[in-house]
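Okay, thanks for making time, everyone. Let me put the model up and talk you through a few things in it.

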Amino acid sequence: MKTGRRTATVATFVGALGLSVLNAPAAQAADTGITVSGIVINNGKPIVVGTSKVVEPPIRFNIALPAGYSTANPFRYDAEPFLYRGSISTAAKTGENYIGPGGYTCYETDAKHARCEGNLYIDPDRTQDHVDSNSDATTWKVGVTLRLFKADGGLKAEERETRSTTVQFRRAAKVTTNASPEPVTKGKPITVTGKLTRANWSTKKYGTYSGRTVGLQFRAKGTDTYRTIKKSTTSSTGALKTTVTASVDGYYRWVYNGNATTGATTSTADYIDVR
């Protein structure tokens, strides 16, 4: 796609509630005439969040401006997609159950249109408006705040729109693998253990994940492809354990495919030398 002239950069870093969400002057809700289309968040994939690492999912969208406004003057309009739960007005005004952009840049395609790209900002360490409860591992709605400004900088019109697009949030998971003994005699048993945990957004720690079916995969030395050779269910402590017969040198790993509330994860592989 041809890149046009950059028209504006919006920066709202370190978990700010979005450009002027809390600080904008009051205005009557009114149709701004701005059209936002083609919103794509995280390339259409679920957003997986752990307990401490900031996550910045990519976002892109298009803007079309009303009569009297031009991309040549980017400070006279604002269009800000965001994610929310519950009431759209409460989320946007208070920041509760609200996730806004970390920053984005818009590029002019013509005098009335721009394409924008950037990222959302999700900090699981925050105690208020980001993911602070395990119930946040659910479907979030997409909203857009639209604003027009007067020539003197005053707010002319503001509106918030909800969209049919939704985004799924999932708790990050981790799984470990240990295969033994090392080395092992051909034909003898190999015991493969591991543990599955997932992020607890309330405690900001990883906790055991019981009753989950996890696949054991094997890749022979000198090959590129893993194949699932067994499946096991995690215990009450998240533990995994199974036994296989030693045949050739290779790598073992556990793979959890995830579910509606929990992200997929693959362990680091453990190599076994068969003699």
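So, strand 9 and strand 10 pair in the antiparallel sense, with 11 bridges between them. Pairing here needs DSSP to find at least two bridges between the two strands, and the strands themselves are DSSP runs of E, at least two residues long, numbered from the N terminus. One of the partners to look at is Thr-145, which bridges to Arg-160 in strand 10. The hairpin of these two strands has 5 residues between them, and there Gly-153 takes a positive phi near 95 degrees.

Before I go on: this is a predicted model, so local features need pLDDT of at least 70 and side-chain atom pairs count only at pLDDT 80 or more, while totals for chains, interfaces and linings use all residues. Residues are numbered from 1 along each chain as its sequence is written, and side-chain values use heavy atoms, with hydrogens and water left out.

Strand 9 also pairs with strand 5, antiparallel again, through 8 bridges. There, Tyr-77 has Leu-148 of strand 9 as its bridge partner.

Buried is under 20% relative accessible area, exposed is over 50%, and partly exposed is in between, with a 1.4 Å probe and protein chains only.

The largest nonpolar core has 33 residues, and Val-36, Ile-41, Ile-47, Ile-63, Leu-83 and Phe-169 have the most contacts inside it. By nonpolar core I mean buried Ala, Val, Leu, Ile, Met, Phe, Trp, Tyr and Cys residues joined through side-chain atoms within 4.5 Å. Strand 9 gives the most to this core, 5 residues. Take Leu-83: leaving out residues up to four places away in sequence, Leu-83 touches Ile-41, Ile-47, Trp-140, Val-142 and Phe-169, among others. Contact there is heavy atoms within 4.5 Å. Apart from this core lies another one, of 19 residues, including Val-192, Tyr-252, Trp-254 and Ile-272.

Cys-106 sits in strand 7 and Cys-116 in strand 8, 10 residues apart. The link is right-handed, with 105 degrees about the S-S bond, and both cysteines, Cys-106 and Cys-116, are buried.

Notes
Helix = DSSP H or I, 4+ residues; strand = E, 2+ residues; numbered from the N terminus. Disulfide = S-S within 2.5 Å.
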